Amino acid sequence: MLLLGCIKEVSDYELVVSLPNGLSGFVPVTQISDAYSKMLSKQVAQGELLEDLNSLPDMYSPGTLVRCIVTSVEKSADGRRSIKLSIDPRKVNKGLNASALTSGMLLSGFVSSVEDHGYLIDIGVSGTHAFLPRQKAQNYIKAVKRGPDLKIGQNLNCVIVEVKNEGRVVRLSIDRSEVAASLATEQQKWTLSNLLPGLVVKARVQKVAPLGIKVSFLSSFTGIVDFMHMDPEKSTNYSPDQVMKACILSVHPTSKVVRLTLRQSFLHPGGSPNQLSNDRMGAVVEESTVKAFYKQFGAIFELDDGTLAFARLKHLSKNRKSFKPGAFKAGCKHKCRIIDYSLMDEMCIISLKYQVIEARFLQYQDIHTGDVVQGKVLALKPIGMQVKVTDGIRGLVPSMHLADVILKQPEKKYNIGDEVQCRVLECNPGGKKLILTLKKSLVQSKLPVLSNYEDAKPGLITHGFVVCAKEFGCIVKFYNDVKGLVPKNELSSEPISCPDKVFHDGQVVKVMVLKCEPQQERLLLSFRLSSKPAPEDKKECTPKKKQEVKYRIGEMVDVKVLKKKHNGLEVSVLEDEGNVIAWIPTMHLSDFVVNCKLLWHCLQEGDVLPRVMCLSDKGEHITLSRKSAVISAVQEEQVVRSFSEIQPGMLLTGYVRNVMPFGVFVEFPFGVTGLAPKMSMSDKFVTDTKDHFVVGQTVIAKVMSIDEEKQRVLLNLKVSECSSGDSAAESFALLNQYFKEMKEIRNLLRRRGEPSVARGLCELVPGKELQVVVQDVKEDGSALFSGSCVTGLTVTATRYHLGDKNIVPGEKTKALVLHVDALTSRVYVSLQEELLKQRSKQVCVHGSQRTPSTLPSCST
């Protein structure tokens, strides 16, 4: 069966392809093209990398449409079906022969050889030599930006320009404008035996039915457009004899049934379907509205943001017995969760099942290093144990991590189907790689998880495992492949002559960090937990002069920046003539998370910061804060100074101290802390706490209950529960503070960096209209612009914000500023007519063009 698919994921060994009707298939690396397979075989035979053999990620990217043929459908042990595909033109175009080739045909081809004047292209037609002149490829090469040449094995949409010698020689073009304008016609003499998916045709409506429409095309062919592939904006307006463009989606070899799509993204060959933003995947939608119900297939819903979604029949209820068709009448509302996105249908795939909505993990991105997960044993192999975490998530427990000790016969301890509790050692969502441990000492450890070198502060005590014991000491590994050295003199308080006889690979150990150099990824450790951090680290962490002055919490001081560090600013207190050194953590530079990094980025050594509040003074360590909400709470005495002052119902201003899987710890001025459990964190469903809060974030918390015996405070962070009553006044006060800080940031920007760039960033605010020149149009539909008003800045517009305009490089156009990212010097603009017209109306009403200076213009 021939299908049009869209590449969803790319790895070194396969392509994951989205297929129509929510299906997915896999193209192995050996099913790309004949020339590419020969190069792979040659590399394997020689045992060394070939210079001109490119990996799949170098040639393919998600969002690219490809023609596929189904090679097999395999059923796995757990009953799931796997669709194997090939994009090899010898299989996809097998219905074509040399005599059938005519000018204007659109075919799939693969680069088989790079020549001086062009490229030899494999179009899979026996006895035909296809040539692509270099000049016909230049625009495409510039647009895709994958190097100065096409690569062997690269997939191309080719238009036949000229046919010679009865089809034995053809000349091709891959010019994007020619490909996009190609249309299959009757003159090209297509037949049912060689008809290809991806061809755009003119179709005439024959019959309109509830599940789709029947159309005729190329004079003698008929096809079906199902309900998922009608244009959403026109789905109720089709009528017999109506003529429109359609794209062939699939051709069945035996039944000869042809299915087509009317969706706009597919009506210009070479384009790509709309994609779902990453933050929506896995999201829970409280109210989705039923648009249509199909008793044999499922239901189409409209989500809260207006996008369409499809739920298969089995995902509408827990089981067949609990399914009630009456609950899915048009207009009914249901809670659901987005579990996938079908690129080929341009629809979210959702589930209404309670167990899916409540599931902790849905995709690899939901899992974080250090998480404790439940799994089921799938298989025991020489390299370790394969564990099923969810239906779509698999993990590997290496042999070393099957237990605290090395197991010689793991099959005696574990059986297929056993439930096991593991801890995540490493998670790579891109490569779908999940490494787990079953070592009880690690799984049950209460010590901090060390997953990056930046967190390895001197004095930190944590658990790790030995991966090497040699004469010089031990190499200890932690999470995310972080590792460090325990030198021989730090192995024990007593001398150890042969470390390899005392320590073994896989042994779980408790270590203390002595020294860390994150840039060099060097870590010095000790098994002697009473050891002190290295002298140079101590010197670096302590103030330059002994603090003799005591500061009260809440006291306001002016400070000068002495040194910028990756996590904050070292400052001197001006009132004490610079003799007192203090510290402002980056997250305490502002109440707004987006402004903290911006302020850190803009501030320079020597800058003076007025009215900074003392947050804590522990003798030689003074911590300051610029959080205006926290400062106001202290000055207005809306704080508690001890646990005994806390009462249920109180609203307190604080900041996030720690984000854990089970909830958020909040700290308040004067050191009181409380816990907001996961269920009380947000008015929305919380899948992952890290998606809702970050350490240092300013919050208003409501005291739910207190446990005097255990000195515990339970908090509520739901916005609906934490308003003092006058929410409008609170909102305007927050906005006013935000704009005040943005003005401060713009003033700082004017003083730093290249004058023209800094000036440009300060003058560009959302809502401003620009005159720009199109610099480049990318393959994904986005565009880059240049202009005298944006010199030194990167100006870009997404495909959506280009509207219906077909722009070309060199064209002058008007654009409206949407957002300015000061950290990356990027400006995001829109060319949409409705936004520009709205802007023009505002100018007319006010009599002059005003830039909305009160809108935020910079963001991290």
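Notes on the model

1. Strand β14 (residues 243-251) pairs with strand β15 (residues 258-261) in the antiparallel sense, over four bridges; two strands are said to pair if DSSP finds at least two bridges between them. Ser250 has Arg259 in β15 as its bridge partner. The two strands β14 and β15 form a hairpin with six residues between them, and in the turn Lys256 has a positive phi of about 60 degrees. Helices (H or I, at least four residues) and strands (E, at least two) are DSSP runs, numbered from the N terminus.

2. On the basis of these remarks: this is a predicted model, in which local features need pLDDT of at least 70 and side-chain atom pairs count only at pLDDT 80 or more, while totals for chains, interfaces and linings use all residues. Residues are numbered from 1 along each chain as its sequence is written, and side-chain values use heavy atoms, with hydrogens and water left out.

3. Helix α1 (residues 34-46) has 13 residues and should span 18 Å at 1.5 Å a residue, which agrees with the 18 Å between its end C-alpha atoms; the expected span is 1.5 Å times one less than the number of residues. The buried residues of α1 are Ala35, Tyr36, Ser37, Met39, Leu40 and Gln43, where buried means under 20% relative accessible area, exposed over 50% and partly exposed in between (1.4 Å probe, protein chains only). These buried residues of α1 pack against α2 (56-59) and β6 (106-114). After α1 comes Gly47, with a positive phi near 75 degrees.

4. Lys38 and Asp34 are separated by about one helical turn because they are four residues apart in helix α1. Lys38 is exposed, with a relative accessible area of 55%, whereas Asp34 counts as partly exposed at 26%. Asp34 and Lys38 are also linked with Arg90 and Asp122 in a network of salt bridges.

5. Lys136 forms a salt bridge with Glu178, with the closest N and O atoms 3.0 Å apart. This pair links distant parts of the chain, 42 residues apart, with Lys136 in the loop between β8 (129-133) and α4 (138-144) and Glu178 in helix α5 (residues 176-180). Lys136 counts as partly exposed at 24% relative accessibility, and Glu178 counts as partly exposed at 30%. Lys515 forms a salt bridge with Glu517, with the closest N and O atoms 3.5 Å apart; Lys515 is partly exposed, with a relative accessible area of 23%, and Glu517 is partly exposed at 22%.

6. Ser680 lies in the loop between β38 (673-677) and β39 (698-707), and is buried, with a relative accessible area of 5%. Not counting residues up to four places away in sequence, Ser680 touches Met704, Leu715, Asn716, Leu717 and Lys718, contact meaning heavy atoms within 4.5 Å.

7. How many disulfides are there? The count comes to zero, a disulfide being a pair of cysteine sulfur atoms within 2.5 Å. The sulfur of Cys6 is 9.8 Å from the closest cysteine sulfur, in Cys68, which is too far for a bond. Cys6 counts as buried at 0% relative accessibility, and Cys722 counts as buried at 9%.

Technical notes
Salt bridge = Lys/Arg side-chain N within 4 Å of Asp/Glu carboxyl O.
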